[in-house]
Amino acid sequence: MSAADAALVRIRGLRKSFGAQPVLDGVDLDVRRGEVAVLLGPSGAGKSTLLRSVNHLERPDAGFVEVGGEIIGYRHQGGRLHELGHRAITRQRARVGMVFQQFNLFPHLTVVENIIEAPVAVHRVPRKRATAGALGLLERVGLGGRGSDYPRQLSGGQQQRVAIARALAMEPELLLFDEPTSALDPELVGEVLAVMKDLADTGMTMIVVTHEIGFAREVADTVVFLDGGRIIETGPPAEVLDRPRHERSRAFLAAVL
Amino acid sequence: MSSPDTSARTSAAPEPPPTPRPATVTSAGRPTDEQLLGARLVPLRRPGRWAAALALLVLFAMLVHTVLTNSRFQWGTVGDYFLNGSILQGLALTLWLTAAVMATGYLLGIGVAVMRLSRNPVLTSLSFGFVWLVRSVPILVQLLFWYELASLYPQLSFGIPFGPEFATVRTAHLFSGVLAAYVGLSLDVAAFSSEIVRGGILSVDPGQAEAAQALGLGRARILRRIVLPQAMPAVVPASGNLLIGMLKATSIVSVIAVQDLLYSAQLIYNQNFLIVPLLLVTTLWYIILTTVLSIGQFYVERHFARGRRRTADRGFWQLFRGNVPLLGRGDGKFAGLS
């Protein structure tokens, strides 16, 4: 079981339905430390719900998610899983960064204020040190000098790079990306993917929901193909993308490529 | 075209065939590009607009004239009483009562709004019931109820529900006119402001709270730092209305003998029968206060609009001039915040 022991993220038997509609239908997935896992699949396959379950933005109906050996959102006691209080869930979420399709930057705060909000409020980092860290992160995502702008003064690609810097400021063990380039104009996609590739190269553990097959091929260690709330196929990109075994993955890839 | 020599020529001989004119004059058919580029643009004349403006200005001048010259307004007396001691005391009470009522009411109102948006069905129903009840009862009736509380509950006790009591006060001693006014008006503001705040919170994109959750921010911090500031642009205009309405609604406390601005004026004119001048004194004070609050509202709105625009802030006077073309160059469109 050495492979499973090394897994940073362990997802087992995850089920979730919205009303009568099952969205996740028993998902098992391991993501090792430093691994980049790309979730592919048609819309409605459950990719976003799976991702959002990892930091308990969705509460599963059955199954569990474990990050770094800690069950997310629950405490195991006396043969039961008791849901954690807000404070404990908040502490767990601080270890998992998330980047959203719509960026969700705080429009009433400047770029630097967006980045330092959580470190100052949650980790009690002194404002001065947090600001210095934020400026360093902005350099890293190629936005040095834009710290005092408001999000609306930036392009979509720049906003998404700020959102990545904001997630990094919490020094997370794991980064979740929910279709980070889907809301962007085509010419802005590359700058965001480049920042994500840099992150992957530094050994960041990432779970990425995307439709960018090129990114999956180039950066992913594992491609996970979902359909109808189940994992249909999983493996290295060369296998899943170039020699898909399953009928539905083949159809999806034929439509996307 | 009745110059003598042209008419003579037409009568004398048949017109010679028109000589081909130079290009610049053939414009009867089709103007050249140079002509079009050189032409002055003449906007559409709007005589109706001028006539309407003129008529309204005349009416306005008549109004100002009669108000100034009708001696029965007794402007001299207005001036005598404008800074009268008991008027100023009434003004002070109106001001602090409004401030206290608005502060308390909004604190309660935010709580009621958050209860209403919670997932706890008991809290939601309580909040809904509170707003329903307070909005249903006329504010005058509410004030009288609080003022007459002593006849319903002669004593108020502090203790364990249905159990022993630790302390007891006589309600009649507790509820003076001012306290009744404070409590009654605060509850009224709480009910109305909770709906304003709830609308503001609902106007904020749920992705904002979600992003804040994903960053590990706590619930109180998310509300105070992320959601409420973004709700403010929707909350401030309606709250300005509520504040100015409450400033004037405090005059209702005169029915329970609280000496506010209006009641002070009433006490004076009940003795000297100078009714109109004293009502004018209160009116002028209310106008002054409302003006100050409206200007304040402008600055509050501008503060909370930060990050919403790409252009630099415009000052109050620039906006004022933009909205009052008579005082400056009107730029044609109604100047707003954005």
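In this predicted model, the second largest pocket has a volume of about 390 Å³. Its lining comprises 15 residues, and those nearest the pocket centre are A:Arg87, A:Thr90, B:Leu217, B:Gly218 and B:Arg219. Two or more lining residues are contributed by each of H3 and helix H4 (111-122) of chain A and by H12 of chain B. Classified by residue type, the lining of this second largest pocket contains 5 nonpolar, 4 polar and 6 charged residues.

The largest pocket has a volume of about 1400 Å³. A total of 31 residues line the largest pocket, and A:His86, B:Arg119, B:Ala209, B:Gln213 and B:Arg219 are the closest to its centre. From chain A, helix H3 (86-93) supplies at least two residues of this lining. From chain B, at least two residues each are supplied by helix H5 (85-117), helix H10 (177-202), helix H11 (206-214) and helix H12 (219-249). The lining of the largest pocket is made up of 15 nonpolar, 8 polar and 8 charged residues. B:Arg219 is listed among the residues closest to the centre of the largest pocket and also among those nearest the centre of the second largest pocket.

A strand pairing was also identified in chain B. Strand E1 (residues 155-159) and strand E2 (residues 165-170) of chain B pair in the antiparallel sense, with 5 bridges between them. Within this pairing, B:Thr168 of E2(B) stands opposite B:Ser157. The two strands form a hairpin with 5 residues between them, and in this hairpin B:Phe162 adopts a positive phi near 60°.

How values were computed. Residues are numbered from 1 along each chain as its sequence is written. Chains are lettered from A and ligands numbered from 1 in the order in which they are written. This is a predicted model: local features need pLDDT of at least 70, side-chain atom pairs count only at pLDDT 80 or more; totals for chains, interfaces and linings use all residues. Side-chain values use heavy atoms; hydrogens and water are left out. On a 1 Å grid over the protein atoms alone, a cavity is a set of points where a 1.4 Å probe fits but cannot get out, and a pocket is an open set with protein on both sides within 12 Å along at least five of seven lines; lining residues have an atom within 4 Å of a point. Grid points are joined across faces, edges and corners, and a volume is the space filled by probe spheres set on the points. Helices (H or I, at least four residues) and strands (E, at least two) are DSSP runs, numbered from the N terminus. Ala, Val, Leu, Ile, Met, Phe, Trp, Tyr, Cys and Pro count as nonpolar, Asp, Glu, Lys and Arg as charged, and the others, Gly among them, as polar. Two strands pair if DSSP finds at least two bridges between them.
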